[in-house]
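Please look over the sequence and the predicted model shown here. The briefing is arranged by topic, so that each part can be read against the coordinates.

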Amino acid sequence: MIASLMPNYNRADLAFEQGQGIWLQTADGRRFMDFGAGIAVSSLGHAHPKLVSTIAEQAGKVMHVSNLYRVPQSEHLADLLVQNTFADSVLFCNSGAEANEGMVKMIRRAQFENGHPERTRILCFNGAFHGRTLAMIAAGGNPAYTKGFGPIVDGFDHIPFNNTNTLRDAITPETAGIIVEPIQGESGINTADIHFMKALRAVCDEFGLYLGLDEVQTGVGRTGKLFAHEWSGIKPDVMSIAKGIGGGFPLGAVLATEEIAQHMTPGSHGTTFGGNPLACAAGTCVLTEILRPGFIQNIETIGTAFGTMLDDVVQNSHGIFDSVRGLGLMRGLHCTAPVGDVLNAVIQQGLLAVTAGDNVLRLVPPLIVTEADCRAACDRLIAATHSLTALQAHAKKECAS
Ligand SMILES: Cc1ncc(COP(=O)(O)O)c(C=O)c1O
């Protein structure tokens, strides 16, 4: 008989009762270093005192009123985002996929209002991941996620990531914009070259397209800049965020220039929950912490040190890992053994990580992690490779005898 909880996840047999900082603990007292952070979400770690008290305090006042009324908490968070980014205006929602849906709608609407109703198609990249709604599985283009969910939503074209050769030829009179992740997370921590990001900006300017960045995973400090596109010095026209902004509370947003945002007139788009007082109080708390002087610089410093430590892990991994990917605190280790086996061995050592595509082990710890924490995590990674190679040697021996 089917479980009451639908079987659409392959869950590890672990249930956490409590968290503190970068640590998670099961009911039977097993402690794990959380270098998965709930898939790059728990930016301030677990049970962060300020975030906990902010949420408790706001919940005690008012959680939800709907967007029929002013929500001062959302006005405040929008101000904070506008003050610290390229954006002139912000729309709140509840998840990354929903933010990306909003981003695509805004691109199309702006083209429509600017006299180009024919410009509706969005150029996306092979290996992209933008979420699991019907339109976003089409935007991602991964057959594993579209299988059985047809008809596939039309309007998304795909070309190779990090390749400028095919870019211009893929633009048609119907192209409205480009959406891209500065680092493709789900498909294996593939970082966009600075040169590629600049080329995307240049092509959008030349052809009158809008550049939309999906910073759902890379944003809010993760890579050592507030947003990952800052590494390339370009600015998008529109950007989706989610994950880290709520620190564990579900919150997403679309940030846009005035040119785009002006067309989102009353009635054009909406959500019941998006930007409610509780979510925005949580988001403001997280963002205020991350914007504290030195916090992002610290992520950059620790992230760089973490990268060097991971290079050493590769050297000492008996060939289980062969390369390090990513930036800041968004890292991937490419595995030569099946990544599922590697993850199991890592969990056995009391370290949590996340698998990604292309046989990559993803490491995305809370942004409050220290260098000492990273060193301890690397020790556990090396120990995991030792146990894995011992297991492999044992299996080989068994086979031979
Ligand atoms: C780059 C990117 N975009 C969108 C999403 C979808 O976000 P959500 O699961 O909150 O809908 C994810 C989730 O992993 C993501 O990594």
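The model is a predicted one. The largest nonpolar core has 87 residues, and it lies between domain 1 and domain 2, because both domains give residues to it.

**Nonpolar cores**

- Within the largest core, the members that touch the most other members are Phe 35, Ile 178, Phe 321, Leu 361 and Leu 381.
- Helix 11, which spans residues 295–315, supplies the largest share of this core, namely ten residues.
- Domain 1 is made up of 16–34 + 293–400 and domain 2 covers 49–290; since both contribute residues, the core is placed between them.
- Another core, of 23 residues, lies apart from this one, and its members include Ile 122, Cys 124, Tyr 210 and Ala 261.

**The open sheet and the helices that contact it**

- Four strands form an open sheet in the order 13-14-17-16, and their pairing is antiparallel.
- Strand 13 (321–327) and strand 16 (354–356) are the edge strands, each of them pairing on one side only.
- On average, and with direction ignored, neighbouring strands of this sheet are turned by 30 degrees against each other.
- Strand 16 is joined by three bridges to strand 17 (residues 360–363), the two running antiparallel, and Val 360 in strand 17 is the bridge partner of Ala 356.
- Helix 11 packs on the sheet, where it touches strand 13, strand 14 (330–335) and strand 17, and its direction makes about 10 degrees with that of strand 14.
- Helix 12, formed by residues 339–348, lies across strand 13, strand 14, strand 16 and strand 17, and runs at about 40 degrees to strand 17.

**Two residues of helix 4**

- Asn 100 belongs to helix 4, which covers residues 96–113, and with a relative accessible area of 1% Asn 100 counts as buried, because that value is under 20%.
- The side chain of Asn 100 makes a polar contact, at 2.9 Å, with the side chain of Asp 214.
- When residues up to four places away in sequence are not counted, Asn 100 touches His 130, Met 136, Asp 214, Val 216 and Ser 240.
- Glu 113 also lies in helix 4, and its relative accessibility of 39% makes Glu 113 partly exposed, because the value falls between the 20% and 50% limits.
- Glu 113 and Val 90 are separated by 23 residues in sequence, while their C-alpha atoms are 19 Å apart in space.

How values were computed:
Residues are numbered from 1 along each chain as its sequence is written. This is a predicted model: local features need pLDDT of at least 70, side-chain atom pairs count only at pLDDT 80 or more; totals for chains, interfaces and linings use all residues. Side-chain values use heavy atoms; hydrogens and water are left out. Buried means under 20% relative accessible area, exposed over 50%, partly exposed in between (1.4 Å probe, protein chains only). A polar contact is a pair of N or O atoms within 3.5 Å; within protein, one must be able to donate a hydrogen and the other to accept it, and residues adjacent in sequence count only if both atoms are side-chain atoms. Contact means heavy atoms within 4.5 Å. A nonpolar core is a set of buried Ala, Val, Leu, Ile, Met, Phe, Trp, Tyr and Cys residues joined through side-chain atoms within 4.5 Å. Domain bounds come from an automatic or database domain assignment. Two strands pair if DSSP finds at least two bridges between them. Axes are lines fitted to C-alpha atoms, for helices over the stretch in contact, and angles run from 0 to 180 degrees between N-to-C directions.
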